[in-house]
Every structure is written in structure tokens, then in C-alpha cells.
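The sequence and the model are shown first, and the explanation comes after them.

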Amino acid sequence: MKAIVIQRFGGPEGLAVVDLPDPVPAAGQVVIATEAVGVGGVDTVIRSGALAAYGFTAGHVPGGEVAGTVTAVGDGVDAAWIGERVWAATGTGGGYAERASAPVDEVVALPPNLSAVDAVTLGSAGVVAHFGLRHAHFAPGETVLVRGAAGSIGIMAVQLAARGGAAAVGVTTSSYERGERLRRLGATHVLDRSGDGEEEAPAGYDVIIDVVAGPDLPSFFDRLNPNGRMVAVGAVAGQPPADFGTKIMAAFQKSMSFAAFSAATVTGADRRAVRSEQFAAAGRGEIETVVHDVLPLDAAVAAHRTMDAGEVFGRIVLTP
């Protein structure tokens, strides 16, 4: 089968198309003939070499989510899965290929009216946004700011906050054009990357969902209301300063809080239930999936260059 591997860590040019043996499902796994592969931010971080200390080596196949048709099952897996159209999480890699294996516990059947491209645009991002808002104890009538709203997680957080009855949904983004697209998805206030830009925007927010992190994270504590909660669901700009918590302590009387959130802390059953619900909602047109571009599998280098340039609005999808 055709697959993309990281031949050398660093820039996108380190990715290469190779031929690999078809995967054989282990016990508890399925093999999927992939129709669509989501290109995620973590894929670019792994490719850069920033996570080499976690055991990633040359020859690694990136890609954490795929959609397609189940072609084989391992021991202990119901053979009825064969022939099913599904979305699946493959873990920290293995997705950039014509066939991918995944644990059956991370597989969700797709409704007939949802494409594979839409499935990988929504599958991971929707769960992170849903449970990130829950982790922040978001309630109807509260104000929400989504920092870094132009990516797939941010876009879903905007839609879910608006659907959940937020009194206002602010977003930070890099351009007027992106801001207008986010308004159509439910944003009420568009701000620049520093959180400025609209006099009518709330002076403070009850909840901040932060996809960015990085050196500017502490400045956003100034934008939390008393009892406000910031939840980091990503770190596309890297780690915050080591002393970022001192900002919370300096405003002790505001009772602000900060938390990190990973979907790995949610049970598999809960993740599957939310994904099934969101896939059905997207199929009915109640949730919009935003696809930046659809490229062939062997254009992975171009996809990563676009990701590195910060030009993506939504999700890039590769099609084997």
C-alpha cells in the first residue's frame, strides 16, 4: 500500500511517499480502507521533531484519524464491522496510508448522509470542543472567548458555544475575512490575536477556550471575569511561560482558574456517544464542517507547508 512516512524530522520536505505492507489487524483491531485522512496540528509537531523524546523515530507514519470502510477484523471483533463505513482514531500515527488499523473501541459507524471528508473534519475536533466546554463548566447565558478560533477545534467550539446558549461568543483570529466566516458560524465579536479590536466586545469572559497557549497565554487572564475559567485544549504556539500561574495568584480575589484538557481523560464510551451524536447532527446540517482543502495523499508535503504557514481555516484532508 502507499503511505507517507517521516524520513527525517524537521520541515515538510522530510515527508516521503513509500510502499508498505498492508496492516494486519491485531486482536481488538479493525483495518480500514481509507477514503479520507485528517491532517492535524499534532502531525506537524511530530514531523518537526519536537516530540522525539516521546519515542517517535524516522519511518513513522503520521495521522491520527481516518474514515473509510472496514476490510478486516482481528480476534475478538465482531465480523459484522466488515463493510461498514466508519470514522476511527488510529492513535498518534498510522493514518497517512491507503489502509490503517485502529482499535475497535475507537471506531464509530458513519451515517449514510455524512461524507468521509466531513467525518475527519469533525471527529477529533468536535469531541475536544464539546468536552473542553464541559471541563470549563460552561452554562447557558455565559460569555465565551475562543482563542485561536480558525482551526477545526476552534470552529467547533464557536458553534457549540453558540448552540449552547452563550450570551456572547468572542473569537481571536488573524484577519477580517476569517472573522467574518466565524461570525457566520456563531461568533458575535471578532478580535485580533491579542484579544483587542472591538469596542462592543465584552470586557471580560466567563469562559476562555484556548487552542493556542504559547508565550501570550498569561495576558488572557486579564480577560477573565471573576470566577472565570480558562481551559487550554491545545498548544499550537508552544508551551506558556513557566511562571504563567503567577498571573492568577496576583488576581487572587477574582477566583479565576486554569485547566488543561485532553480528550484522553474521557471514557471511550463517552467519546463514541458524542461523536455519534455530532456525526448525526452534521448529517442533518445542524453542525457545519469546515474543510480548508482536499488533497491527494501524495500531496502531504504541500498540506504540511500550508499548516506551517498558518494559512488553514478548518481542516485539510488527504484522500488516498
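What follows treats the helix and then the loop residue.

This is a predicted model, in which local features need pLDDT of at least 70 and side-chain atom pairs count only at pLDDT 80 or more, while totals for chains, interfaces and linings use all residues. Residues are numbered from 1 along each chain as its sequence is written, and side-chain values use heavy atoms, with hydrogens and water left out.

Helix H4 spans residues 176–184, and within it Arg178, Gly179 and Leu182 are buried (under 20% relative accessible area, where exposed is over 50% and partly exposed lies in between, with a 1.4 Å probe and protein chains only). Because these residues cover an arc of only 100° around the axis, they lie on the same side of H4, the arc being that of the directions from the helix axis to the C-beta atoms. Helices (H or I, at least four residues) and strands (E, at least two) are DSSP runs, numbered from the N terminus. The cover over the buried residues of H4 includes helix H3 (152–163), strand S9 (168–172) and strand S10 (189–191), whereas the face turned away from the buried side carries the exposed residues Tyr176, Glu177 and Arg184. Just after H4, Gly186 takes a positive phi of about 130°.

Glu98 sits in the loop between strand S5 (85–89) and strand S6 (99–103), and is partly exposed, with a relative accessible area of 29%. Leaving aside neighbours within four places in sequence, Glu98 is in contact with residues including Met1, Lys2, Ile32 and Pro320, contact meaning heavy atoms within 4.5 Å. A polar atom of the Glu98 side chain lies 2.7 Å from the backbone nitrogen of Lys2.

How values were computed: Polar contact = N/O pair within 3.5 Å; in protein donor to acceptor, adjacent residues only side chain to side chain.
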